[in-house]
Amino acid sequence: ARHLAAAHFFEAWDDEELAGVVAAHYLEAHKSAAQGPEADALAARARDSLVTAGERAGSLGSHQQSLAYYEQALNVNPSAEERIHLLERASEAALGAAASEIAQRYLEEVVAWHRSRGDHSATALAVTRLGRALILVARVEPAIEMLESFMQELDGLEDDRSKVELTSELARAYMMKGDAERALMYADRALAGAEANNLVPVIASLFSTKGVTVHLLGRWRESVMLLDGAKALSQQAGLAVEAVRAQSNLALALIVIDPARGRREAEAALAAARKLGMPLWEALACANACMTALSTGEWDWALGEARDLSSSDTRLAVDYVSHGLTLLEGLRGDASALTRLVQFDEHLTATSTLPQDLAELRVAQSWLELAGGSAEKALERALLAARSDPGGWSEIQGLVHAGRASLWLPDLESARLALDC
């Protein structure tokens, strides 16, 4: 009775700051209630209060706490439908907290439930969320296989929101893989449906996907225009995570044509990601910031940011910033940096399905080999980087480094071959 009275008391204040307190008291009141209608009513109030507390925590960037509230609600006897809605919320909070395995487990249950009911549209949306979770942790090949497989089940739903969103995520997956042709094909297909259905979040995401894809093809100004549009649309629509994605990618796209602006966009993206309290997005923004700082010479700033994130307890966040941080440290004279990059190469080979991840790492290795006076090894690493990401941005970077190393050897024939590519 005391807990129920306390819940009513704090609830009467109508203060969002007290959402967690209200939820805790309703939860305790439910635990101490005898089985029956009263307990069922208290369970419903406890679940509602826990969801409110989870939403509040998530809005403040406290995704781990948000996840904890949703998981508590899952344990308060929800119906089958309520459980699915709670699992969807919990998966989003888990992704925000970089708890990717938890998010994937919850989403797999959501997919299975909708599929068992024969609801293709709802299943497609759940599959899309699961694909997004896989892509965020660099499991691109499994994401593509799953998304392509389910696409075949959506014949006749061409303008359905679920198929549009799934197609958009498939475009993003192929972009991450470095397959520009398929990425653009699916992106254009999804854009038509997204515009027809006024799906602004999907349109913003597709602008980012296309912007990065054409950047891989060397179409720098088109890339910047698309990513500027993605950033503006996301900010206008209040899509905070999508805005960070667009701005972070914009920073990289600007390296070629306006590195100073790229550095400013990188700093803004990093600050926005930090405000969101999402370690993976913060790490992705920081990794891109390191690359822009290399072009503008602001290494002290980038080193400070990357070193802060390198102590994260989220392994994937550490992975995202490691090669940029180690490259900067190596260029500053750290003799152990190249060895660490080679060790990281072995780790990445075993954990990532993204060709550009390995390619970018090998470009960094080439850079340090050349800085250490090993032009022949630098050429070998640069060519390996180019072969690791055919048609991608890292192929161009690899060939540039190969040309530079060839001139240092000197090996004019290799330099000519690299530059002719």
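The chain contains 22 helices and 0 strands, where helices (H or I, at least four residues) and strands (E, at least two) are DSSP runs numbered from the N terminus. The model is predicted, so that local features require pLDDT of at least 70 and side-chain atom pairs count only at pLDDT 80 or more, whereas totals for chains, interfaces and linings use all residues. Residues are numbered from 1 along each chain as its sequence is written, and side-chain values use heavy atoms, with hydrogens and water left out. Of the 421 residues in the chain, 54% are buried (buried means under 20% relative accessible area, exposed over 50%, and partly exposed in between, with a 1.4 Å probe and protein chains only). Among contacts (heavy atoms within 4.5 Å) with a separation of 6 or more, 58% involve residues 24 or more positions apart.

Helix α10 (residues 180-196) and helix α11 (residues 200-216) have axes that come within 10 Å and cross at roughly 155°. Axes are lines fitted to C-alpha atoms, for helices over the stretch in contact, and angles run from 0 to 180 degrees between N-to-C directions. The two helices are therefore roughly antiparallel (angles under 35 degrees count as roughly parallel, over 145 as roughly antiparallel, 65 to 115 as roughly perpendicular and the rest as oblique). On the α10 side, the residues that make the contact include Ala-183, Leu-184, Ala-187 and Leu-191, and those of α11 include Ile-203, Leu-206, Phe-207 and Lys-210. By class, the contact residues comprise 12 nonpolar, 1 polar and 3 charged; Ala, Val, Leu, Ile, Met, Phe, Trp, Tyr, Cys and Pro count as nonpolar, Asp, Glu, Lys and Arg as charged, and the others, Gly among them, as polar.

A search of the whole structure found 1 aromatic pair, for which the ring centres of Phe, Tyr and Trp (its six-membered ring) must lie within 6.5 Å; planes under 30 degrees apart count as stacked, over 60 as edge-to-face and the rest as tilted. Tyr-174 and Tyr-186 form a stacked pair, with 5.9 Å centre to centre and 5° between the planes. Tyr-174 lies in helix α9 (residues 161-177) and Tyr-186 in helix α10, 12 residues apart. Both tyrosines, Tyr-174 and Tyr-186, are buried.

Thr-292, in helix α15 (residues 279-296), is buried at a relative accessible area of 1%. Not counting residues up to four places away in sequence, Thr-292 touches Ala-251, Leu-252, Ile-255, Gly-262, Arg-263 and Ala-266. Arg-387, in helix α20 (residues 375-388), is exposed at 59% relative accessibility.
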